[in-house]
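Open the structure in your viewer and keep the selection panel at hand.

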Amino acid sequence: MLEIDPARIKPDSTFASLGLDSATAVHFILEVEGEYRIELYPGVTDDYPDLARFVEYLESLK
Amino acid sequence: MYADKPGETRALTFSQLYLQAADLGFRLASRTCPGDRVALIFPSSPEFVVAFFACLMSGLVAVPMMMPRRNSRNGASAAIITDCSPRLVLSLTALDVFPQDFRDLLENEKIGHMPIALVDNPTENLLTERGPMDPAFLQYTSGSTSTPKGVMVSHANLLDNLQMIRDRLGNHAGSSHVGWIPLYHDLGLIMNLLQPIYLGANCVLIAPSSFMHRPLNWLKAIHEHRAEVALAPNFAFDLCADRFQPHQMEGIDLSCWKIALNGAEPVRAETIERFCDIFRPYGFAPEAMRPGYGLAEATLLVSCGRRGAPTRMMSVSTAALGHGRIAPPVDSRDTARLVSCGSPVVDLSIAIVDPNNHRPVADDAIGEIWVRGPSVAGGYYQRPEESEGTFTAYLQTNGTPDDTGGWLRTGDLGFLDQEGELFVTGRIKDVMIIRGINHYPQDIEAIVGACHPAIRRDHCAAFAIRDDNGTEQIVVVQEVERTHRHSFSEAELVAAIQSAVVTEKDIALHKIVLIRPGALPKTTSGKVQRDLARRRWLAGELEPA
């Protein structure tokens, strides 16, 4: 989706540093929703702006 | 009417709007003088509508602004505040939702703040007489952060363009509108909010983020409200097609949709065809697709096809296009498809002009689009020089200026075909358009220049290219600082640049190219040559750092 080398993605990478603007965030959120069969909300990647915090939030939904 | 999240729908009737706006206008009058600017910083909400009309009724100049972005330095918001020096800022909530430096700016500039809520029993009323040529609002979509330019739209400009929109699109009091475009954007403000109010028609507003998240909900709302008019930039029609899922469209009937106006960014033939193919089974009529052309400097709408007219497309030679001429394609590989934006609205004239000598170009040639007529605004707020260059141009005919002048130079390129319909082919101004929002290269370059010590300040070029889908994207070419050229981490720099630009501008850069110090093309006076950098990048000629 972001056309970047997965090796560049670190656990503490912020979504912004990976080039996730609001438009790509929507695609990303939909992918995550489909993959994990959960429902997220617009702006979730602003509230949990890096991978570590986002994953922690996803865990809390289980 | 207003719809946001399910269950959070709020509505205003026309009489409530009048009473609320009159009451607020009365309260504003005690803290302002007629002609003062008042900044409106709201999400799409009934409070914005009330605040906007309160300004119109009390002789104040409304300045719709975007919400300051979270975690951002909000240079653009600060620049607009400094440029228009408002007496008051109005917003939904207390000031503490705004970033600290933005609050500091308001305090230092002694700009007041008023939180706006609808009142239970609006009774006050104070109408301030304003002349038709007085500014109604300032539209800030045309300038960079360093030079924000607020188009002064007068009451007369606005009323003329609203009438032109109504006539051209065949709108009437039964033409319900459903839209999600932000209200600080001219397309959202004028065509989606003020036009239905002008008609006495229903207006349904959806939060922009809600559209981005679930685009098909826009179509659902069009169905539910039996909307005749729903408009958006080109990308939104692509987004609906991208997100199409048959089960989400069950029972949806779009046959009510008469005007699907496509504007604010280049209109693509492929998008129109794809959207029509996917949504025709749900009642969408292809002749509803209405590509249009307009700009804030002309209030909004300049040209558009009539209601019910099929969209005209034209195949032309790509090679000839590159030389500024219109010719039939030689073969399929030499083919570019252009979409007609219709003929100019009745009150406006268009001339296609050589931007260098200001003479009208030949019929088969591309030139700068010039516009003249009553909805062309008076100029940019407190920028007489830029205003003169843009708003009061003279056509040269036979070597002498034509007698009346008063042409608006749009900075866009195009041609008029034999039917007098406008085809937009490109632009000569610096602006880059991402999802219907204008961005300026110098703003992106300034953000990039300040984001990391290994980056060489003022040695950056930002420019737009078309990606494989034909969508406009931004590429940044940046020199690495001499002292860091052997020690920098490319991944770290790329992440820092992406992060800064996403945070400040909400744009993901398409490519970030790091080059060695001195490799960026500049003029002898040290000015970055963006166009040359762009051509070299496209040709693969830029040396990596």
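In which strand of chain B is B:Ile437 placed? Select B:Ile437 and you are in strand β21, residues 437-439 of chain B. Strands here are DSSP runs of E with at least two residues, helices are runs of H or I with at least four residues, and both are numbered from the N terminus.

Before going on, note that this is a predicted model, in which local features need pLDDT of at least 70, side-chain atom pairs count only at pLDDT 80 or more, and totals for chains, interfaces and linings use all residues. Residues are numbered from 1 along each chain as its sequence is written, chains are lettered from A and ligands numbered from 1 in the order in which they are written, and side-chain values use heavy atoms, with hydrogens and water left out.

**Stop 1: B:Ile437**

Stay on B:Ile437 and show its surroundings. Its relative accessibility is 28%, so B:Ile437 counts as partly exposed. Buried means under 20% relative accessible area, exposed means over 50%, and partly exposed is in between (1.4 Å probe, protein chains only). Setting aside neighbours within four places in sequence, B:Ile437 is in contact with B:His185 and B:Met432; contact means heavy atoms within 4.5 Å. B:Pro233 and B:Ile437 are 204 residues apart in sequence, and their C-alpha atoms are 9.2 Å apart in space.

**Stop 2: chain B as a whole**

Zoom out and select chain B. It has 15 helices and 24 strands. Its radius of gyration is 24 Å, close to the 24 Å that the globule rule gives for 545 residues, so chain B is as compact as a globular protein of that length. The radius is taken over C-alpha atoms, and the rule is 2.2 Å times the number of residues to the power 0.38. Along the principal axes, the C-alpha atoms of chain B fill a box of roughly 70 × 60 × 55 Å.

Colour chain B by accessibility: 55% of its 545 residues are buried. Among contacts in chain B with a separation of 6 or more, 71% are between residues 24 or more positions apart. Colour by charge next. Chain B has 51 positive and 62 negative side chains, with the centres of the two sets 3 Å apart. Lys and Arg count as positive and Asp and Glu as negative, while His and the chain ends are not counted. Each charge is placed at NZ of Lys, CZ of Arg, CG of Asp or CD of Glu.

**Stop 3**

Select B:Ser175. It is in the loop between α5 (155-169) and β7 (177-179). Is B:Ser175 buried or exposed? Its relative accessibility is 0%, so B:Ser175 counts as buried. Not counting residues up to four places away in sequence, B:Ser175 touches B:Leu199, B:Ala201, B:Asn202, B:Glu228, B:Val229 and B:Arg307.

Go to B:Thr128, in the loop between β4 (112-115) and β5 (135-139). B:Thr128 has 23% relative accessibility and counts as partly exposed. Beyond its neighbours within four places in sequence, B:Thr128 is in contact with B:Pro34, B:Met57, B:Ser58 and B:Gly59. B:Leu56 is 72 residues from B:Thr128 in sequence and 8.8 Å from it in space, C-alpha to C-alpha.

B:His358 is not a glycine, although its phi is positive, at about 60°; it lies in the loop between β14 (349-353) and β15 (367-372). B:Asp458, also a residue other than glycine, has a positive phi near 60°. B:Asp458 is in strand β22 (residues 455-466), and at 62% relative accessibility it counts as exposed.

**Stop 4**

Select chain A. Three helices and zero strands make up its secondary structure. The radius of gyration of chain A is 11 Å, close to the 11 Å that the globule rule gives for 62 residues, so chain A is as compact as a globular protein of that length. Its C-alpha trace spans about 30 × 20 × 20 Å along the principal axes. Of the 62 residues, 39% count as buried.

Finally, show both chains. In contact across the interface are 21 residues of chain A and 21 residues of chain B. The area buried between the chains is about 1,600 Å², and carbon and sulfur atoms give 53% of it. Buried area is the accessible area (1.4 Å probe) that two parts lose on being put together, summed over both. To end, select A:Arg8, A:Asp21 and A:Val26: within chain A these lose the most area to chain B, together 28% of what that side buries.
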